[in-house]
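Please keep the sequence and the model at hand while reading.

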Amino acid sequence: MDCNGCNRCTDVKCSIETKCQQLDRSLMDKWGAISFPIYQTATFAHEGLGQSTGYDYTRMQNPTRKQLESIVAYLENGIDAIAFSSGMAAVATIMELFKPGDHFIIDEDLYGGSIRLFNEISTKNGLTYTAINLSKEDITPYIKENTKAVYLETPTNPMMNVTDIKKLSKITAEKKLLLIVDNTFLSPYFQNPLDLGADIVIHSGTKFLGGHHDTIGGFVVVKDEKLDERLRFIYKTTGAGLSPFDSWLILRGIRTLAVRLDRAQQNALELAKFLKLKKRVTKVIYPGLPDHPGYEIMKEQARGFGAMLTFEVDSAETAKYILDNVQLIYFAESLGGTETLITYPITQTHADVPKDLLEKNGINDRVLRLSVGIEGIADLKAEFNRIFESL
Ligand SMILES: *Cc1c(COP(=O)(O)O)cnc(C)c1O
């Protein structure tokens, strides 16, 4: 593992598990607090004219946020990470890089909120896009003179399509398109898109990075200085920075990223195999199953398969029955926390996605999504056994 210019240690190249424990020593407070302090201040005093401490106003910089940004940049092998008040604020800020008339290519299976942003806000601002299945289709015929970027998630939400980032990046680099990857589903623990040729990585920090469903946050990570400068300028101007307290919560969440994800992934694989054997379950989509079409690519480009699992049942009634009868699992939106959540994409995360697109992607009223947590696997299985037996 490359330390990517980290100055925390001089001759050790540390693992990602260790990286999660490393505060940026150059940003430590003067007392050496290991739980990094929450700098709950809007503004900072200057010692004299032209003598800034590097912190002026929290919309622009804040020590707690900077500590967090340094760690996220380190985990993603970027030169900078910018922390936002939500994942959507991160995506919306990236859209400010473009001007009316610009075109981008997106994957057709994306987080519903991102699709809503592109449809309702970006389009109004004069951007145009083409949505295709990037896991299957070549982008070349869709590139126009005004195409500026390609935007994707892999695996996708909720259908778990896997795109070969490295292969795609060869084309985007040649055509000078920005390759933007939302890496929320795997987190930097399992996948580093910048190393595979992406230009921008996005995270909803609300999910695995925060890890406890107690805060909302987002990140943009880059490896190019010019792009970073431009994004920092938009950031300080539009003002969607993450608050000091929320920065602290995500800093704390990252400490356990590795152990949480190892356990959640182990549970997800077990549960995927288990659900596959159930009569009422007609399809299980988990990229860690060898029959998943993206399995081989994931093995190449990621260090794991994650903890997200989608399954389809025999009828809408069965789906509703499961949602009505979960006890240990929470029926809730979101993902990436320590507890297992079940989501109904058609009425929750993807409620604002146009019907034809839902149909095309196979998101119907029989599809359920699980964000698998770190509970005892026997209890999760018992939950489903109880529900299926009472059907
Ligand atoms: C949740 C999510 C977002 C949006 O993040 P918020 O923190 O909810 O604003 C974007 N992309 C993906 C893949 C997500 O799961």
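## A salt bridge by rule

A salt bridge is counted here when a side-chain nitrogen of Lys or Arg lies within 4 Å of a carboxyl oxygen of Asp or Glu. In this structure, which is a predicted model, Arg116 and Asp352 form such a salt bridge, with 2.9 Å between their closest N and O atoms.

## Domains and their interface

The domain assignment of the protein chain places residues 54-255 in domain 1 and residues 257-389 in domain 2, and the centres of domain 1 and domain 2, taken over C-alpha atoms, are 24 Å apart. To the contact between them, domain 1 contributes 40 residues and domain 2 contributes 41 residues.

Between them the two domains bury about 3500 Å², of which 62% is on carbon and sulfur atoms. On the side of domain 1, Tyr189, Phe190 and Phe208 lose the most area to domain 2, and together they account for 22% of what that side buries. The polar part of the picture comprises two salt bridges across the interface and 23 residue pairs in polar contact, counted with both residues at pLDDT 80 or more.

## The ligand site

The ligand is surrounded by 13 residues, the closest being Met88, Asp182, Ser204, Thr206 and Lys207; by class, this shell holds four nonpolar, six polar and three charged residues.

Oxygen atoms of the ligand lie 2.9 Å from a backbone N or O atom of Gly87, 2.9 Å from a polar backbone atom of Met88, and 2.8 Å from a polar side-chain atom of Ser204. Of the 380 Å² that the ligand exposes when taken alone, the protein buries 93%.

Technical notes
Residues numbered from 1 in each chain as written. Predicted model: local features only at pLDDT ≥ 70, side-chain atom pairs only at ≥ 80, totals over all residues. Heavy atoms only, no water. Near = heavy atom within 4 Å. Polar contact = N/O pair within 3.5 Å; in protein donor to acceptor, adjacent residues only side chain to side chain. Areas by Shrake-Rupley, 256 points an atom, 1.4 Å probe, with all protein chains shown as cover. Nonpolar A, V, L, I, M, F, W, Y, C, P; charged D, E, K, R; others polar. Domains from an automatic or database assignment. Contact = heavy atoms within 4.5 Å. Buried area = accessible area lost by both parts, 1.4 Å probe.
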